[in-house]
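Subject: Handing over the structure

Dear colleague,

Please find the structure below, together with an account of what was found in it.

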Amino acid sequence: MARITTKPAPAGPTTPQLLHAAYERRAAEAAPCSDQDWRRDHLGASILGHQCDRYLWLSFRWAVGKKLDGRTLRLLERGKREESWLVDDLRAMGVEVWDRDPKTGEQYRVRWGHVGGGCDFVMLGLTEAPEVPHLGELKTSNLKQFERLKEKGVKAAKPEHYVQMQVYMHGLQLTHALYLCVCKDNDDIYSERVAYDQAVAERSIARGQRLAVVSDPPDRQESAEFPPCMLTSKDGTQWPCQFHDQCWKGGIPEKNCRTCVSASPNAMDDCTDGLWSCEHHNHSLNPMQQRAGCNQHLSIPAIVGHQVAKVDGRQITYQAADGSVVVDGAAP
Ligand code: SF4
Ligand code: SF4
């Protein structure tokens, strides 16, 4: 009788596990203020179309970073690489594509005080309207979202992308955008010409500017269980909003100046380079200082959300709904 031997499973992590771990490590070690840093100094145009005011506010305050696993980080990287691939394809077709602002040599940027963003590219020579310069906005999508996009169009299916394009067109004074979305399942490409809508752009920018300088977080949505706080697929898988813990479970936010009671963003006409101010130390805070914070950090109580039981100097003791005690801030 033949003897069957089975190969023992190798000890330790597999190659994909190591590869994904490397992505997580690089994300954790991203230099402050670099492109890899998840903290953006401005309130980004890419989120201005989000329906929840509180989401915009918590994002701008760096309340908590998206905890992305290595697989997701690599997925996002693929989206970025898709852009240079598509730019090459468009140029090969004879379309003129500018992916760098000729004035700065860098990515096209728009900025209105604390609100801003970076655009993908600008194109001229599209078959749809050869004489009209277009903003180019590229996204990638899974098949399910892609089919929804084809059925409903970008304004209804992806309102955040729609608003993002409106804001960029406003900033770059363009009348049209071409929205392109690549399906990651089959490489199909959806495209849609989007006309500039001044009212949408101005309303969205004004909303961001208003929320950026509010000192306390806007109210929560009505329910922790429904969108936009919680997305649930047909098979029951749930995706909580990245701020779900802060909004519904009294999670302590990240420790940086923007979540501290003593910091406030400078007024709109004095916020060049993302300047904020600290009233505890009575000095201004540049973006690097905002990231670092100091040992006097005290979280804004309205983010924490528990009932305040005791205030002692720069320390607050909270009573949580489940009876537990949460202490935040510097020791008295
Ligand atoms: S959890 Fe809900 S209320 Fe909180 S930021 Fe997200 S969407 Fe808004
Ligand atoms: S007290 Fe410290 S953490 Fe708070 S705003 Fe001032 S420098 Fe930042």
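The residues of the shell around ligand 2 divide by class into five nonpolar, five polar and one charged, and please bear in mind from the start that this is a predicted model. The residues that surround ligand 2 are Cys257, Cys260, Ala263, Cys278, His280, His281, Gly293, Cys294, Gln296, His297 and Arg314.

The next topic is the division of the chain. Its domain assignment gives domain 1, covering 34-212, and domain 2, covering 251-329, and the C-alpha centres of domain 1 and domain 2 are 31 Å apart. Where the two domains meet, 21 residues of domain 1 are in contact with 20 residues of domain 2, and the area buried between domain 1 and domain 2 is about 1,600 Å², with carbon and sulfur atoms giving 55% of that area. Of the area that domain 1 buries against domain 2, 42% is supplied by Arg61, Trp62 and His114, which is more than any other three residues supply.

Which interactions cross this interface? Between domain 1 and domain 2 there are nine residue pairs in polar contact, counting pairs with both residues at pLDDT 80 or more, and the rule finds two salt bridges across the interface. A salt bridge is also found where the side chain of Arg291 meets that of Asp41, at 3.0 Å from N to O.

On the side of domain 1 that touches domain 2, the elements that give two or more residues are helix H2 (53-60), strand S3 (109-112) and helix H7 (198-212), and of these H2 gives the most, with four residues. Sorted by class, that side of domain 1 has nine nonpolar, four polar and eight charged residues.

With best wishes

Key. Residues numbered from 1 in each chain as written. Chains lettered and ligands numbered in written order. Predicted model: local features only at pLDDT ≥ 70, side-chain atom pairs only at ≥ 80, totals over all residues. Heavy atoms only, no water. Near = heavy atom within 4 Å. Nonpolar A, V, L, I, M, F, W, Y, C, P; charged D, E, K, R; others polar. Domains from an automatic or database assignment. Contact = heavy atoms within 4.5 Å. Buried area = accessible area lost by both parts, 1.4 Å probe. Salt bridge = Lys/Arg side-chain N within 4 Å of Asp/Glu carboxyl O. Polar contact = N/O pair within 3.5 Å; in protein donor to acceptor, adjacent residues only side chain to side chain.
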